[in-house]
Amino acid sequence: MASRSSVDMDPDVARRLFEEGATLVLLGVPQGTEFGIDCKSWNVGPRFQGVKMIPPGLHFINYCSVNPPSCAGEVGPKTGLFLNLKPKDVLLANWNPKEEDLNFSASQNEEEVSRIRANLQDLDPFLGPYPYEVMRKWVSLTDRLSADVAINLQPLSGRVCAYSDVVPETEFRHTKDRADQPRNDTACQTMREGLDRLPKMKEREGTQLRFSVIPEKTYPPGATPAQITQCSMDHTYALEIVIEKNHQQRPLNLLGELQFAFVCFLIGNVYEGFEHWKRLLSLLCRSEVAMQKHKELYLGLIAVLYHQLGEIPPDFFVDIVSQNNFLTTTLQDFFQFASGPGVDGTLRKRAEKFKAHLTKKFSWDFDADFDDCAPVVVELPEGHTVD
């Protein structure tokens, strides 16, 4: 683990972090394991025993096991977790070779933690310094994400995994359970038959990310066809439902959830995080009335997107099949609504500057007529008919 960041760091900052920074003592991590904190990762060496001089606050550590070169050097799936560290904190974890995971239960042993704290000076040569050069980027990607929101969104297991940990819906403990399943002693005649024979799976309890549920229907129960059409063009109703059910006390925490999803995808390699980020962004950008009502939320959204979009190649959002760019079509609606007469002047000007910035940086055209003439297709509630 390189120590270049401590060399480049301002001496006063280094001294302050050494005195006030938190320490992660990670014992038994195998050489070659890929380990990261926030926006930087390394393959650890034989002397690695943790990270020192960590700024207090929210951090995301992540790691994945790596097979030795004799076994092709394959890299395992990434596991991560959010930690809220206080000044001078010392967290202790031991590597579990069977689970290929860090076990933090030792941090609950006050006597053991006190012993480690008393011997930190002896451990110092084995602790890598926090990569201070990426701290500004990390703060820009998480400045709206509080520790409470992060803890509430990450799985109950405390681990954010790049893969889904799935188990059979039926445990097949008894012979009669297996008897009800399709037989596998004959060849499948079709792909559908083969798929039907596979056991139905579900995510293991406690491993699911706990994102806000975005309503499938964007209109209220009992809505008229005219209301359905309006709510299909303006998603404010669905957005207010999400805020009311998940962030009623602090609507701006919705931006924290957007940042959480982005970090899970960008650093944790969790595709579900990317999908939720897209759905949440689409909901925010297509809520015209909410834009007039929640000025601070949308001013914050522009700042959040400014930093996030600097981390992803501009062609990343282009659909391979349709060649449509999800982001340009979504932001086109946002900029159109932001220019409306009912929008706060500060927000309108900020949106105009953001639009100009994206146009210059990525050469995106937000004034093209993507689907101006396409009809809005809406689903009528049961019982409604069109004459």
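Trainee: Why is K88 called partly exposed?

Mentor: This is a predicted model, and in it K88 has a relative accessible area of 45%. Buried means under 20% and exposed means over 50%, so a value of 45% falls in between and K88 is called partly exposed. K88 sits in the loop that links β6 and β7.

Trainee: What is the phi of K88?

Mentor: Phi of K88 is near 65°, which is a positive value in a residue other than glycine. Most residues other than glycine have a negative phi. D38 is another residue with a positive phi, of about 60°, although D38 is not a glycine.

Trainee: Where is D38 placed, then, and is D38 buried or exposed?

Mentor: D38 is found in the loop between β2 and β3. Its relative accessible area is 1%, and because buried means under 20%, D38 counts as buried.

Trainee: How do you know that strand β5 is largely enclosed by the rest of the structure?

Mentor: Seven of the eight residues of β5, which spans residues 57-64, are buried, and therefore the strand is described as largely enclosed. Strand β5 also has partners: four bridges join β2 to β5 in an antiparallel arrangement, with I37 standing opposite I61 in β5. Seven bridges join β5 to β6, again running antiparallel, and there H59 is opposite L83 in β6.

Trainee: What makes β8 and β9 edge strands?

Mentor: The open sheet has five strands in the order β8-β7-β1-β4-β9, with mixed pairing. Strands β8 and β9 each have a single partner strand, so one side of each is left without a neighbour in the sheet, and this is what it means to stand at the edges. The pairing of β7 with β8 is antiparallel over three bridges, and N96 stands opposite D101 in β8. Helix α3, residues 110-118, packs on the sheet and touches β1 and β7, its direction making about 105° with that of β7.

Trainee: How do you know that the buried residues of α2 are on the same side of the helix?

Mentor: The buried residues of α2 are V13, A14 and L17. They cover an arc of only 100° around the axis, which puts them on the same side of α2. An α-helix has 3.6 residues a turn, so residues three or four places apart point the same way. The buried residues of α2 pack against β4, whereas the face turned away from the buried side carries the exposed residues P11 and F18.

Trainee: Why is N253 counted as buried, and what is in contact with N253?

Mentor: N253 has a relative accessibility of 15%, which is under the 20% limit, so N253 counts as buried. N253 lies in helix α11, and, leaving aside its neighbours within four places in sequence, N253 is in contact with V149 and H247.

Trainee: Which residues have the most contacts inside the largest nonpolar core?

Mentor: That core has 85 residues, and those with the most contacts inside it are F82 and W277. The largest share of this core, nine residues, comes from α11. Beyond the neighbours within four places in sequence, the contacts of W277 include L258, A261, F262 and L305. Another core, of eight residues, lies apart from it, and among its members are V90, L92, A106 and V113.

Trainee: What makes E205 exposed and Q230 partly exposed?

Mentor: E205, in the loop between β12 and α9, has a relative accessibility of 71%, and because this is over 50%, E205 counts as exposed. Q230, in helix α9, has 42%, which lies between the limits of 20% and 50%, so Q230 counts as partly exposed.

Trainee: How many disulfides does the structure hold?

Mentor: The structure holds zero disulfides.

Methods
Residues are numbered from 1 along each chain as its sequence is written. This is a predicted model: local features need pLDDT of at least 70, side-chain atom pairs count only at pLDDT 80 or more; totals for chains, interfaces and linings use all residues. Side-chain values use heavy atoms; hydrogens and water are left out. A disulfide is a pair of cysteine sulfur atoms within 2.5 Å. Buried means under 20% relative accessible area, exposed over 50%, partly exposed in between (1.4 Å probe, protein chains only). Helices (H or I, at least four residues) and strands (E, at least two) are DSSP runs, numbered from the N terminus. The arc is that of the directions from the helix axis to the C-beta atoms. Contact means heavy atoms within 4.5 Å. Two strands pair if DSSP finds at least two bridges between them. Axes are lines fitted to C-alpha atoms, for helices over the stretch in contact, and angles run from 0 to 180 degrees between N-to-C directions. A nonpolar core is a set of buried Ala, Val, Leu, Ile, Met, Phe, Trp, Tyr and Cys residues joined through side-chain atoms within 4.5 Å.
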